[in-house]
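Please find below some notes for a colleague who wants to check the local geometry before going further. They are set out as numbered points, to be read beside the coordinates.

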Amino acid sequence: MSYGLALIYGVLKIINLANAGFLMLGAYVTWWLFTAYHVDPLLAPLVIIPVFFLIGVGLERTLVRRVLGSEPIISLLLLFGVWLVLQNLAYVIWTGDTRSIENSFIESTVKLGGLQLSIPRLYVFAMGVLSLIALQLFLTRTYLGRAIRATAQDRDAARLVGVDVDRVMGIAFGIGIALAGFGGSLLSLLFSFTPDFGRVLSLKSFCIVVLGGLDSIVGVAFGSVALAIAEAFGVRYMPASMQDLISFVVLVVVLVALPKGIVGTLRSLRRG
Amino acid sequence: MLEVNALAVAYGDVQVLWDVSLRVEQGEIVTLLGANGAGKTTLLCAISRTVPVRGGTIVLSGERIDRAPSARVVELGIAHVPEGRRLWPDMSVEDNLLLGSYPRRARADVRGSLEYVFGLFPRVAERRAQIAGTLSGGEQQMVAIARGLMSKPSLLMLDEPSLGLAPIIVTELFETIRRINAAGTTVLLVEQNVLQALEIATRGYVVETGRVVSSGTRAELLASDEIKKAYLGL
Ligand SMILES: Nc1ncnc2c1ncn2[C@@H]1O[C@H](COP(=O)(O)OP(=O)(O)OP(=O)(O)O)[C@@H](O)[C@H]1O
Ligand SMILES: [Mg+2]
């Protein structure tokens with residue numbers, strides 16, 4: 001999911017190319033818990049979120065921290081490397097076969113005023129909205145959340161009020177990875193996947209995040225809606241296979257036209 | 001309460017402070033004077049542990065802090081209000097203030113601290129819901145000082161709080177610093193407004209190119225020919 005990407009970029013100023021890998025891993029873990037241990041896929045996030053959070057914190061502490069001060073290309077390469085490792089790990093453990101989760105929930109639908117709606121889709125959508133609200137509340141109402149935002153806006157100032165900036169960056173990275181895993185787990189309810197899962201989605205996430213403004217959670221929500229609308233219009237006029245192209249086009253257009261994203265642009269307008 | 005001894009600080013290979021020693025006693029207002037680039041900001045940053053210390057010691061109420069993390073220094077009661085205010089421009093005034101009470105010690109009495117700073121700065125109270133970046137320079141400086149006070153410091157370090165403010169606001173500001181001090185907070189004040197700073201100070205130090213070149217009580221400094229020539233234009 002895009003929120004994690006935005007959070008990590010906002011706080012650590014690095015683009016987490018490994019996001020796709022953790023998304024894919026979230027999907028596999030959900031599938032594996034389901035097929036091997038009959039764990040309900042809806043409950044898998046209860047395991048995935050805390051475990052992925054810890055993995056994220058560990059990864060930040062051991063690897064990412066070393067490259068934070070250096071050129072952007074170094075962190076890009078490092079995280080790209082992590083993605084490749086995760087992908088290959090998935091090939092080794094789960095092979096390249098396409099996997100999908102099948103149970104009665106996945107197939108279920110409801111009729112709403114003549115419309116046939118897929119319950120898993122509604123569920124995933126609701127979870128997306130819920131996690132946005134939860135994240136927003138966390139970031140605005142708790143000391144730790146405020147410290148994360150403060151670190152994102154001005155690291156030195158955060159240090160001056162007594163924020164342990166290193167710890168905050170680790171936590172932000174952990175939350176980002178947990179959100180990616182959670183997103184992957186949710187998406188495994190909707191799509192079948194291979195170790196390559198997440199590549200296109202990550203691109204879309206980029207697009208959404210850039211659209212929204214690289215460090216704004218509300219902006220990310222705007223971005224998602226804007227991209228969904230652009231795609232919906234797009235499919236009417238071009239073949240569905242070209243749909244993913246829209247992300248690229250939007251990405252480029254936004255980067256050129258509104259480098260600060262929607263929210264950033266509004267903000268500068270308001271400030272005059 | 002604060003004792004700096006033979007402090008040396010360098011940015012990479014460039015040494016900025018040599019053998020700096022100073023003392024601040026409970027209840028004082030001590031001012032640091034000196035030309036641009038003398039190293040005043042660097043000295044405050046060394047004390048708040050936001051730049052690395054090369055040599056010497058810093059002792060706060062009996063505890064060595066020259067190797068402590070910055071969070072520890074805040075927890076021990078030093079608040080550093082930095083040059084240029086450094087608010088979080090996209091956050092509300094209230095969020096800026098609440099972050100000021102980030103240290104555990106301060107969280108217990110956030111309400112009391114808010115009341116205190118709103119009493120000192122009624123304008124900040126009026127603007128509490130506004131985004132910090134939209135305030136005027138004077139208002140931002142008030143928020144920056146208020147944020148510092150939210151940690152309930154015993155020592156408040158102010159780095160050129162009057163920079164870029166209109167003269168009438170500056171006078172108001174110095175009066176407020178006096179009130180903060182009268183309420184029991186020790187103050188270490190860096191200023192270019194030498195005359196006004198000396199008016200409220202108990203003692204002062206003059207820093208030149210990284211060294212303390214003279215020091216004394218307010219009266220001594222005001223009477224010194226060097227100060228008169230170099231800073232007061234007399
Ligand atoms: N981050 C840094 N890296 C390298 N050199 C620095 C850095 N910050 C300051 N300096 C240098 O250290 C010296 C002292 O700077 P400092 O900001 O402490 O002086 P100051 O007395 O606060 O000056 P001002 O009155 O302009 O605020 C200057 O020569 C400055 O160029
Ligand atoms: Mg300075």
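1. Burial is used throughout in one sense: a residue is buried under 20% relative accessible area, exposed over 50%, and partly exposed in between, with a 1.4 Å probe and protein chains only. By that criterion Glu160(B) is buried, with a relative accessible area of 5%.

2. On conventions, this is a predicted model in which local features need pLDDT of at least 70 and side-chain atom pairs count only at pLDDT 80 or more, while totals for chains, interfaces and linings use all residues. Residues are numbered from 1 along each chain as its sequence is written, chains are lettered from A and ligands numbered from 1 in the order in which they are written, and side-chain values use heavy atoms, with hydrogens and water left out.

3. Thr41(B) belongs to helix 1 (residues 40-47) of chain B and Glu83(B) to the loop between strand 6 (78-81) and helix 3 (93-100) of chain B, so the pair ties together parts that are 42 residues apart in sequence. Helices (H or I, at least four residues) and strands (E, at least two) are DSSP runs, numbered from the N terminus. Thr41(B) is partly exposed at a relative accessible area of 25%, and Glu83(B) is likewise partly exposed, at 33%.

4. Which residues are closest to ligand 1? They are Gly37(B), Lys40(B), Thr41(B), Thr42(B) and Glu83(B), within a surrounding set of 13 residues; a residue is near a molecule if one of its heavy atoms lies within 4 Å of it. Helix 1 of chain B gives the most to this shell, with 3 residues. By class, the shell holds 4 nonpolar, 6 polar and 3 charged residues, where Ala, Val, Leu, Ile, Met, Phe, Trp, Tyr, Cys and Pro count as nonpolar, Asp, Glu, Lys and Arg as charged, and the others, Gly among them, as polar.

5. For the polar contacts of ligand 1 (pairs of N or O atoms within 3.5 Å), an oxygen atom of the ligand is 2.7 Å from an N or O atom in the side chain of Glu83(B), and an oxygen atom is 2.9 Å from a polar backbone atom of Gly39(B). An oxygen atom of ligand 1 is also 3.1 Å from an N or O atom in the side chain of Glu160(B). The protein covers 59% of the 630 Å² of accessible area that ligand 1 has on its own, with areas taken from the Shrake-Rupley method and a 1.4 Å probe.

6. Helix 1 of chain B deserves a separate look: 7 of its 8 residues are buried, so the helix is largely enclosed by the rest of the structure. The buried residues are Lys40(B), Thr42(B), Leu43(B), Leu44(B), Cys45(B), Ala46(B) and Ile47(B). The helix is followed by Arg49(B), whose phi is positive, near 65°.

7. Glu160(B), in the loop between strand 7 (155-159) and helix 8 (167-182) of chain B, has a positive phi of about 45° although it is not a glycine. Thr209(B), in the loop between strand 9 (203-208) and strand 10 (211-217) of chain B, has a positive phi near 35°, and it counts as exposed at 61% relative accessibility.

8. Over all chains the structure holds 8 aromatic pairs. The rings of Phe22(A) and Phe52(A) have centres 6.1 Å apart and planes at 75°, so this pair is edge-to-face. Rings of Phe, Tyr and Trp (its six-membered ring) pair if their centres lie within 6.5 Å, with planes under 30 degrees apart counted as stacked, over 60 as edge-to-face and the rest as tilted. Phe22(A) is buried at 3% relative accessibility, and Phe52(A) is buried with a relative accessible area of 3%. Phe193(A) and Phe197(A) form a tilted pair, 5.6 Å centre to centre with 40° between the planes, and ring pairs link both to Tyr28(A), Trp31(A) and Trp94(A) in a cluster.

Terms used. Polar contact = N/O pair within 3.5 Å; in protein donor to acceptor, adjacent residues only side chain to side chain.
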